[in-house]
Structures are given as structure tokens and as C-alpha cells.
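Try each task before you read its solution.

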Amino acid sequence: MQGEEVIANGERQFTPGDYSVFEDLVEHYYKKVFIAAMALTRNEDDSRDLTQATFLGAYKSFGRFQGKSSFYTWLYRIFLNQYFKYLRTKKKHGVQSLEYEYEGEDEKFTKEIGDRKYEPAAIVSEQEKNRLIRDAVSALPEEMKLVVNMRYLEEMSCADISQALNCPLGTVKSRLFNARELLKERLKDYEL
Amino acid sequence: MNCKKLKRYLVDFLDGELPEQEKTAFLTHYQTCVKCQERWGSHLELSKKLSASLGIFKKELQVPRALFYDILRETRKIPEPKPLLAEILTALFRIPQVAYVSLIVILSVAITINLITIMNMNKTRPVGFLAKERVVPAEIDRTPLKSSKGYLARRGLANGSVYFEIRSSFRPKVQSKSFIERRGA
């Protein structure tokens, strides 16, 4: 099966540790990783760096991938590690907080809406509505933002999310539930 | 299904992980219960909107093709990692013949070493000077030493001499000292 390409359900099938397929894997997954990075960082330069760092990390430890999980779940875990590293760097430079700051988050979201001129009456087009929802997701506390993006953008199941984040399934479900509650609360004035 | 159960199944329903039977019960209750519709309708609606909004974002986002070449250029700078010894051994042991033969060799060596050790355990071997003279020692008289963990071995030799040896309980080869007291000396 070495070198043979089979793409089933969007997943690239290959022999674990076969470096000859790495280029194909980059081709197949770099867009997905970049989109995931953009959804979390909302910055193109940072997303490019994150995507590159993810694939470099994957290349270095590709020999240790045993195929126990799907390749994308494994790659996503590397991406998450890089993302956490990125957050730590940001925190060090005082740009973003990793802490759960429920009191502060609402202000942050309101401010973002203000900056982007999202007055309730001005939200008419579907495009604006979608952007507002994405802004609301971005303003969620970090752990909630992660699960929401993994669930709705990556379309991962709760079990896959819990495996990737290395946390119990119940925690993933409760974070999703709380995230929806918070979003609902924040978007209630906008009649979406 | 009741309102309490519906709340419990809500996340699984939204994630499409609810079994068919429970899903039917969930929907039947939801469509008839105004209280549940008021409480959870926004969740269901929001879930749909999140999927749609993030789906559009995924579709519309322009991914720079240059990024693909950047990644390849960066990865080519790194030499292809060679498999570690442990990985080579693991790969070798996956072949049944290699695994069986290795197991038999390891077991044979271990059994042989054990047998040799057991056979030599109670043998009194003449050391140094005694070995050269080929004198078979007579009975051993062991006197425990007070000062250290060991004993004084005294043997009457066939030529009339007495062989003394101080043996330590640990590392006997390094610690043991022997001398011969010749009769009439």
C-alpha cells in the first residue's frame, strides 16, 4: 500500500511513517489548518505562521504517528499545541488573556461591536449577521471558543474534541452548552 | 420523554449523536411542549446559525496558495528523521519468525547462566597460591568476625599447613585476603 493514494470521506489513507506521502498530506490539509487558525486568531500573518509551525511539528514527529486516530485529529492536536504556544506569547506581550474573565468578556464584545459599527438597526444583510455571529464566537472565553470552532467549523464530534483536547467528554458537552447560553445572551438584542 | 430528560439529551441531539429511538422521542416531546420550545428553541436555532455562519466563513476564506509552497520549503530544510533504534527493534519484532527465534535465544542464554551460577555456588575453589600448588583444602572452619561483615575461614591443608582466609560478605573477590601459616615456620 506504500505510496498508494486512497481518499475516503475526506481522509487521506496512508502507511504510518511513510514520508513520501507527506507532501500530499500538506496539499490535502493545509487549507483546513489555515482556516482553523484564522477562525481562532483572526489574523492572516499569525495564521500563516501557525499553519507552518503545525506542519513542521507534524513532519518532525511523523515517524511516531501510528494511525491510532485519524491523521487530521493527530494534526489538529499539533495545531492546538502551537496555538497554545501562540496564546502564551500573546499573553506575555499583554495582547490577549488566557483566563476566564466572564465580567470582562461582555465589555470586550460590546466594544468590538462598537468598533465594527454593529448597531442593531444596521444589521440587515445576511453577511453582516454572519460576521456578527463570528465576532461573538471570537469574543467567547478561550476554552469555549475552541470547542465551538471545533464543533461547528471543523465539524468534529464531541468524542473527537475530547480526544484532541485531552479532557473528559462531559466537560466538552458542558462547555458547548455554556458557550451557546453565553452567545444567546449576547446576541439577543440583534434579532438574528 | 419529559422536560428534564429533554434537557439532558439536548447536547447529543444538537451534535447528532442521539440514537434514532431517543431522537424521535425528543422531537415528539419538543413539538408538543411549549415550555421546552421557549426554553430551548433559541439553542436549536443558534446551533443552526453557528453551523451556517462558520460554514460560510470556511467556504469564502481565500487560502493563499503560496502558503503550501512555504510549508514545503520549510520542511525540506529539515533532514528526514531516521527511525530510532527502538522503532527499528519494534519493526523487527513484528515479524513472527524473528520474534520467536529471539525469544528462544534469550531464554536459552538466561537458563544457561542460571545453571552455571547454581552449579558453582557451593564449590570451594582454591585461590591464588593454593591453585598453583594444587592442594585440595580439607575442612573449613569458619569463625565470624566481630569487626566486619565477614568470617575467618581456616582450613587444614594436606601438607600440614593451615590456610587462613578472611572473607567479606559482600564483594568477596576484592575484599578477601588469604595467607598461609606453615607448620614449623
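**Exercise 1.** Find the accessible surface of chain A and the share of it that belongs to carbon and sulfur atoms.

*Solution.* In this predicted model, the accessible surface of chain A is about 9,600 Å². Carbon and sulfur atoms account for 46% of that surface. Now turn to the residues: chain A has 192 of them, and 51% are buried.

**Exercise 2.** List the elements of chain A in order from the N terminus.

*Solution.* Begin with the counts, which are eight helices and two strands.

**Exercise 3.** Describe how chain A and chain B meet, by residues and by area.

*Solution.* Start with contacts: 43 residues of chain A touch 40 residues of chain B. Next comes area, since the size of an interface is often given as the accessible area lost when the parts come together. Here the two chains bury about 4,100 Å² between them, with 67% of it on carbon and sulfur atoms. On the side of chain A, the residues that lose the most area to chain B are A:Tyr30, A:Tyr152 and A:Arg180, together 16% of what that side buries.

**Exercise 4.** Which salt bridge does A:Arg48 form, and how many salt bridges are there between the two chains?

*Solution.* The partner of A:Arg48 is B:Asp70, and their closest N and O atoms are 3.0 Å apart. The count between chain A and chain B is five salt bridges. As for the elements involved, H1(A) gives the largest share of the side of chain A that touches chain B, ten residues. By class, that side has 23 nonpolar, six polar and 14 charged residues.

Technical notes. Residues numbered from 1 in each chain as written. Chains lettered and ligands numbered in written order. Predicted model: local features only at pLDDT ≥ 70, side-chain atom pairs only at ≥ 80, totals over all residues. Heavy atoms only, no water. Helix = DSSP H or I, 4+ residues; strand = E, 2+ residues; numbered from the N terminus. Buried < 20%, exposed > 50% of the residue type's maximum accessible area, 1.4 Å probe, protein only. Areas by Shrake-Rupley, 256 points an atom, 1.4 Å probe, with all protein chains shown as cover. Contact = heavy atoms within 4.5 Å. Buried area = accessible area lost by both parts, 1.4 Å probe. Salt bridge = Lys/Arg side-chain N within 4 Å of Asp/Glu carboxyl O. Nonpolar A, V, L, I, M, F, W, Y, C, P; charged D, E, K, R; others polar.
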